[in-house]
Amino acid sequence: MSGATATTGLFLVIEGADGSGKSAAVRHLARVLDGQGHTVATTDRAHPYGRREYADLVRAVGELFHSGHTLATSFDLLSLAAATQYTAILHGQVEPQVTQGTVVIAESWWDKTWIRLGIEAQLCHRHDQPWLDSFWSWQQSLMPPPTLPPHQYLTVLIDTPEADRVHWYGAGGRHEPVYDAHGAVSHDPADYGAFTSRIADQLALVARERDWPVVTNNRHRTVPEVAGDLAALVDMRVARTRTAPQPHAPRRHDARLTESP
């Protein structure tokens, strides 16, 4: 495959419930794409790059989520903060690189985030399902769509059975806390399986609604196999991008990110 050009940039989002094997697949995928001649980058919330004002926003939200006081912070504020962070990443990291021909990979993006925050809010405050549906609807309105044309934006869902997510969680030392059915913090594998399955089920619904491709991952598949499936999807989308009519650049609005959506 020839090297990437200004018409082959792509924003690739890899979604999936916690423990579905996204991190390993993304690391291997980046090496595969690089070997094929693509320029590859990944989004980075821990060490944000790009224009300083955007990087500062990403860093500030990260400090909020890792301050140790998250449980005392309202979930509507956390949702607003997360949407602000992702918007800053879009403008500061994703869009400038994609327009220059880079394949930018995000391991989990906004959909997994609003789903998880909503489930956490429901468990902690014992809300009913109608409340959760309403909260999810509000959350989805917070994140503006990317200004990239549709053919340069691809979301893929990694679908992993609960039993395998739980197995990998135990093998990894059970470090990530989740909420149990009563809203208490837990490291129990059974609670991890139930919690992540709720995320996985909702992501599967979104994938069907939005026609995302789905890649299966489990203990019987190797990381190179999963990454190979993802690379094939990238190849198909890049080929389509090369033949797509090039739209005029969208008009950018210079609104402040702190303004209400």
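A cavity, on a 1 Å grid over the protein atoms alone, is a set of points where a 1.4 Å probe fits but cannot get out, while a pocket is an open set with protein on both sides within 12 Å along at least five of seven lines; lining residues have an atom within 4 Å of a point. A search of the whole structure finds one cavity of 30 Å³ or more. Grid points are joined across faces, edges and corners, and a volume is the space filled by probe spheres set on the points.

Before going on, a word on the model: it is predicted, local features need pLDDT of at least 70, and side-chain atom pairs count only at pLDDT 80 or more, whereas totals for chains, interfaces and linings use all residues. Residues are numbered from 1 along each chain as its sequence is written, and side-chain values use heavy atoms, with hydrogens and water left out.

| Space | Volume | Element giving most to the lining |
|---|---|---|
| Largest cavity | about 50 Å³ | E4, three residues |
| Largest pocket | about 1200 Å³ | H2, six residues |

The names in the table are DSSP runs numbered from the N terminus: helices (H or I) have at least four residues and strands (E) at least two. Around the largest cavity stand Gly-16, Ala-17, Ser-20, Leu-157, Ile-158, Asp-159, Thr-160, Arg-165, Ala-200 and Leu-203. E4 and H7 are the elements that give two or more residues to this lining.

The largest pocket has a volume of about 1200 Å³. It is lined by 44 residues, of which Asp-18, Arg-45, Lys-112, Arg-116 and Glu-176 are the closest to its centre. Two or more lining residues come from each of helix H1 (22-35), H2, H3, H4, E5 and helix H8 (223-243).

**The sheet**

Five strands make an open, parallel sheet, ordered E2-E3-E1-E4-E7. Strand E2 (39-42) and strand E7 (214-216) are at the edges with a single partner strand each, so one side of each has no neighbour in the sheet. On average, neighbouring strands are turned by 25° against each other, direction ignored; the axes are lines fitted to C-alpha atoms, for helices over the stretch in contact, and angles run from 0 to 180 degrees between N-to-C directions.

Strands count as paired if DSSP finds at least two bridges between them. E1 (residues 10-15) and E4 (residues 153-159) run parallel and are joined by five bridges. Leu-12 has Leu-154 as its bridge partner in E4, and Glu-15 has Leu-157. Three bridges tie E4 to E7, also in parallel, and Ile-158 stands opposite Val-215 in E7. E4 is mostly covered, with five of its seven residues buried (under 20% relative accessible area; exposed is over 50%, partly exposed in between, with a 1.4 Å probe and protein chains only).

**The core**

A nonpolar core is a set of buried Ala, Val, Leu, Ile, Met, Phe, Trp, Tyr and Cys residues joined through side-chain atoms within 4.5 Å. The largest has 43 residues, and Phe-11, Val-94, Trp-109, Trp-110 and Ile-115 touch the most other members. H3 supplies the largest share of this core, ten residues.

With contact meaning heavy atoms within 4.5 Å, and not counting residues up to four places away in sequence, Phe-11 touches residues including Leu-90, Val-94, Trp-109 and Tyr-153.

**A buried loop residue**

Ser-108 sits in the loop between E3 and H4 and is buried, with a relative accessible area of 9%. Beyond its neighbours within four places in sequence, Ser-108 is in contact with Ile-14, Glu-15, Gly-16 and Lys-22.
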